[in-house]
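Subject: Structure handover

Hello,

Here is the structure I promised you. Please open it alongside this note.

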Amino acid sequence: VQLQASGGGLVQPGGSLRLSCAASGRIFSINDMGWYRQDPGKQRELVATITRGGITNYADSVKGRFTVSRDNDKNTVYLSMNSLKPEDTAVYYCNAELRYSRYVAYTDYWGQGTQVTVSS
């Protein structure tokens, strides 16, 4: 199983970016999907998650600015980021709780990370 993230880059304060993350390989089902971020020297923190049924959860720092969504048919999760601030600068990691068979437990998988830099 692989999670491939894309869409990061350099953007000015107030700008927008959209991240995508597609899960591929042997997948039976996916529960929660989401995004986390990490600054050098800091712990990885939750940004947003979404259940298979579409229930979302956001960090307080991004509420009203970021939107998480997913396409279950494509095993893909998205993060639309608006009104970006310099403090949003970090490496963003996608996450999926999935299993490859009905006979095994769900396991967390992580993407490789994509850099988001907000700077003028």
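Some ground rules. This is a predicted model, in which local features need pLDDT of at least 70 and side-chain atom pairs count only at pLDDT 80 or more, while totals for chains, interfaces and linings use all residues. Residues are numbered from 1 along each chain as its sequence is written, and side-chain values use heavy atoms, with hydrogens and water left out.

**Disulfide**

A disulfide here is a pair of cysteine sulfur atoms within 2.5 Å. That rule gives 1 disulfide. The partners are Cys-21 and Cys-94, with 2.0 Å from S to S. Cys-21 lies in strand S3 (residues 17–24) and Cys-94 in strand S9 (residues 90–99), so the link ties together parts that are 73 residues apart in sequence. Strands are DSSP runs (E, at least two residues), numbered from the N terminus. The link between Cys-21 and Cys-94 is right-handed, with 50° about the S-S bond. Both Cys-21 and Cys-94 are buried. Buried means under 20% relative accessible area, with a 1.4 Å probe and protein chains only.

Strands count as paired if DSSP finds at least two bridges between them. An open sheet is built from 4 strands in the order S1-S3-S8-S7, with antiparallel pairing. Strands S1 (2–6) and S7 (66–71) stand at the edges. Each has a single partner strand, so one side of each is left without a neighbour in the sheet. On average, neighbouring strands of this sheet are turned by 15° against each other, direction ignored. Those angles are taken between axes, which are lines fitted to C-alpha atoms, and run from 0 to 180 degrees between N-to-C directions. S7 is joined to strand S8 (residues 76–81) by 6 bridges, and the two run antiparallel. Asp-71 sits opposite Thr-76 of S8.

**Around S9**

S9 has 8 of its 10 residues buried, so it is largely enclosed by the rest of the structure.

- Strand S4 (residues 29–38) runs antiparallel to S9, joined by 8 bridges. Ser-29 has Arg-99 in S9 as its bridge partner.
- Strand S10 (residues 107–110) pairs with S9 in the antiparallel sense over 4 bridges. Ala-96 stands opposite Tyr-109 in S10.
- Strand S11 (residues 114–118) is antiparallel to S9, with 3 bridges. Ala-90 faces Val-116 in S11 as its opposite residue.

Best wishes

Key
Buried means under 20% relative accessible area, exposed over 50%, partly exposed in between (1.4 Å probe, protein chains only).
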